[in-house]
Amino acid sequence: MTDPIADFLTRIRNAYLAGKKVVEAPASNMKLAITKILFEKGYILSYKVVEGTPANTIKIALKYHPQTKTAAIKRIQRVSTPGLRRYADVENMPRVLNGLGIAILSTSKGVITDKEAREMNVGGEVICYVY
């Protein structure tokens with residue numbers, strides 16, 4: 001696998017499209033940081049790391065609207081790839097849907113959202129857009 005982050009985001013996207021309640025993915029520190037941000041911003045219900053003998057996995061409970069059963073995440077899109085890294089400084093920080101969505105960045109302060117990066121005045125690699 002050349003891009004584990006893209007695989008992780010695709011698993012979440014496909015689970016939402018299939019109407020699944022839970023999705024599992026192999027765990028890593030970057031994937032766990034992305035999952036924490038999705039949980040804090042209200043895009044997923046909950047998550048937990050399951051200890052395993054070959055490798056740990058992340059179980060994510062997906063979130064849907066109670067009446068209409070629409071997914072909480074409309075789109076989750078990988079921006080920076082191993083073949084083409086995308087970086088943004090504070091002046092050129094992306095705004096997803098004019099501030100309604102979030103951009104997840106990997107910075108020197110850790111994995112944070114675009115709003116937190118503007119407050120901290122740091123730039124970094126743009127991992128993905130979520131809305």
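Arg85 is partly exposed, with a relative accessible area of 41%, where buried means under 20%, exposed over 50% and partly exposed in between, for a 1.4 Å probe and protein chains only. This is a predicted model, in which local features need pLDDT of at least 70 and side-chain atom pairs count only at pLDDT 80 or more, while totals for chains, interfaces and linings use all residues. Residues are numbered from 1 along each chain as its sequence is written, and side-chain values use heavy atoms, with hydrogens and water left out.

Arg85 is found in the loop between β4 (76–78) and β5 (87–88), strands being DSSP runs of E with at least two residues and helices runs of H or I with at least four, numbered from the N terminus. Leaving aside neighbours within four places in sequence, Arg85 is in contact (heavy atoms within 4.5 Å) with Arg78, Ser80 and Glu125. The side chains of Arg85 and Glu125 are joined by a polar contact of 3.0 Å, a term for a pair of N or O atoms within 3.5 Å of which, within protein, one must be able to donate a hydrogen and the other to accept it, and for which residues adjacent in sequence count only if both atoms are side-chain atoms.

## The sheet

An open sheet is formed by 3 strands in the order β1-β3-β2, with antiparallel pairing; two strands pair if DSSP finds at least two bridges between them. Its edge strands, β1 (22–26) and β2 (44–50), each pair on one side only. Between β1 and the antiparallel β3 (residues 57–62) there are 5 bridges, and Val22 stands opposite Ala61 in β3.
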